[in-house]
Amino acid sequence: MKMIRRISNLVSLCMLLAYVIVLVCIWSRIPGTVPTHFNAAGIADSYGGKGILWIEVIVAAVILLLLSLIEKVPSIWNFPVAVTEENKERLYKIALVMLGAIKILTTGLFIDVGVSSLVTRFPVWPMYIMLGAMVIVIVVAVVQMIRAK
């Protein structure tokens, strides 16, 4: 189970670090005002200073840290079935895989939001795909946990 945690942490951190490196490398070319919100068609409808781009990095890092801390304390997790000695390891493994996938998708979602702020028109479908993938991951994990009881 430690391997699952390590891989999801490594992938998420590498994604976040790559985004930070890209931001630092292109910082001087980013205009002073960037889009901060897009409508459903992907057209910018609100703007702010380029410093707002660091908000995505900070929030993603905080969420990643919180999810990583939560992973270490399985006794506080809620499960859709009773946790017994017989199913404990299986349930914990399913939950760890779910949390790992959510960490990676959440990091990707924040990076997508940051990248979208670098342009005035941005496709919204990557965000919908990541949100949909999160829902699918959660539903699949819950179904697996119910079957594992």
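Mentor: Gladly, and please keep in mind that this is a predicted model.

Trainee: What sort of pair do Trp-27 and Trp-54 form?

Mentor: Trp-27 and Trp-54 form a tilted pair, with 5.7 Å from centre to centre and 40° between the planes. Trp-27 sits in the loop between H1 and strand E1 (33-38), while Trp-54 belongs to helix H2, so the pair ties together parts that are 27 residues apart in sequence.

Trainee: And is Trp-27 buried, exposed or partly exposed?

Mentor: Trp-27 counts as partly exposed, at 25% relative accessibility, and Trp-54 also counts as partly exposed, at 26%.

Trainee: How do the rings of Trp-77 and Tyr-92 sit?

Mentor: Their centres are 5.7 Å apart and their planes stand at 75°, so this pair is edge-to-face. Trp-77 is buried at 13% relative accessibility, Tyr-92 is buried at 14%, and ring pairs link Trp-77 and Tyr-92 with Phe-79 into a cluster.

Trainee: Switching topic, how do H1 and H2 pack?

Mentor: Helix H1 (residues 2-26) and helix H2 (residues 53-71) pack at an angle of about 170°, their axes 11 Å apart, and the two are therefore roughly antiparallel to each other. By class, their contact has twelve nonpolar, four polar and two charged residues.

Trainee: Which residues touch the most other members in the largest nonpolar core?

Mentor: That core has 15 residues, and those touching the most other members include Trp-77, Phe-79 and Met-145. Helix H3 (88-116) and helix H4 (125-148) are the elements that give two or more residues to this core, with H3 giving the most, eight residues.

How values were computed: Residues numbered from 1 in each chain as written. Predicted model: local features only at pLDDT ≥ 70, side-chain atom pairs only at ≥ 80, totals over all residues. Heavy atoms only, no water. Axes fitted to C-alpha atoms, helices over the stretch in contact; angles between N-to-C directions. Helix = DSSP H or I, 4+ residues; strand = E, 2+ residues; numbered from the N terminus. Parallel < 35°, antiparallel > 145°, perpendicular 65-115°, else oblique. Nonpolar A, V, L, I, M, F, W, Y, C, P; charged D, E, K, R; others polar. Core = buried A, V, L, I, M, F, W, Y, C linked by side-chain atoms within 4.5 Å. Buried < 20%, exposed > 50% of the residue type's maximum accessible area, 1.4 Å probe, protein only. Phe/Tyr/Trp six-rings, centres within 6.5 Å; stacked < 30°, edge-to-face > 60°.
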